[in-house]
Amino acid sequence: MLNYRHQEVICSSCIHFLKRFWPHPVPVAGKHLLLGAAGAGIGIVLTSLCSHAILGSAAFWLIAPVGASAVLIFGIPNSPLAQPWSVTGGNCISALAGIAAFNWIPIPALACGAAVSLAIILMYCLRCLHPPGGAVALTAILGGDPVHHEGIYYAFSPVLLNSSILMFLALFFNNLIGRRYPHALSAAEAKPAPVVIDVPVTRADLHAALMKGQFIDVDEDDLQDVLLEAESLARQRASQVARS
């Protein structure tokens, strides 16, 4: 039998675990929240209109997963999952994976699983991991006759067309409002200089800093762990330099 102390510890652990499911506030400035929402809405409207104008009213001209792509590239444009190659390459490659699975595997459930698995492997290998790609792969199987009638061309029209239009709109919109997109700096661009911090940085400081800018897909606690690990590595490096 467990004694009272053990029961108390187990109960406390269970309560803490259950509290993790409570939704935490998203640390993002109101300005960037509104800009991200406006950009995604405008992007979807223009992508829809442009694709419809190019493909015509009788064609299959817009896919639902492009909405998830819009959330990433307008809501979290600094994420590696939202960069131009991730959007265009990830969606197109995932569509090809879905088409291949549909043609090669006759059992729908197995085809769906294989399509998503293959899409993830290909996106990782080609450096274009993009979460909506999983939905694109499934759409290639579950989209019905209009999608199946397109065959391999579905990956290029409408998937690649939708993704490319949305990506170009994101390039224009994000840079227009002062966001760097694509986010990564090129090798020739100057990188930020090392920062010397002479005062302790608390979780509250990190939260306040995140609230002033655009959304970064990282929790304050995780960010603090990274900061502490970086400080430890910097101290080790400085100690090695001093001994040499």
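This is a predicted model: local features need pLDDT of at least 70, side-chain atom pairs count only at pLDDT 80 or more; totals for chains, interfaces and linings use all residues.
Figure 1. C128 is buried, its relative accessible area being 0%.

Figure 2. With a disulfide taken as a pair of cysteine sulfur atoms within 2.5 Å, the count is 0 disulfides. C11 accordingly takes part in no disulfide, and its nearest cysteine sulfur, that of C14, is 6.7 Å away. C11 is partly exposed, at a relative accessible area of 43%.

**Figure 3. Helix α6 and the elements that cover its buried residues.** Helix α6 spans residues 132–142, and its buried residues are P132, G133, G134, V136, A137, A140 and I141. The cover over these buried residues includes α3 (65–75), α4 (84–104) and α5 (108–125), as well as α7 (145–150) and α8 (156–176). After α6 comes G144, which has a positive phi near 85 degrees.

**Figure 4. Packing of α4 against α6.** Two packed helices are described by the angle between their axes and by the distance between those axes. For α4 and α6, the angle is about 35 degrees and the axes are 7 Å apart. The crossing of α4 past α6 is right-handed. On the α4 side, the contact comprises G90, N91, S94, A95, G98, I99, A101 and F102; these meet P132, G133, G134, V136, A137, A140 and I141 of α6. Classified by residue type, the contact of α4 with α6 holds 9 nonpolar and 6 polar residues, with no charged residues.

Definitions and conventions: Residues are numbered from 1 along each chain as its sequence is written. Side-chain values use heavy atoms; hydrogens and water are left out. Buried means under 20% relative accessible area, exposed over 50%, partly exposed in between (1.4 Å probe, protein chains only). Helices (H or I, at least four residues) and strands (E, at least two) are DSSP runs, numbered from the N terminus. Contact means heavy atoms within 4.5 Å. Axes are lines fitted to C-alpha atoms, for helices over the stretch in contact, and angles run from 0 to 180 degrees between N-to-C directions. A crossing is left-handed if the near helix is turned anticlockwise from the far one by less than a right angle, and right-handed if clockwise. Ala, Val, Leu, Ile, Met, Phe, Trp, Tyr, Cys and Pro count as nonpolar, Asp, Glu, Lys and Arg as charged, and the others, Gly among them, as polar.
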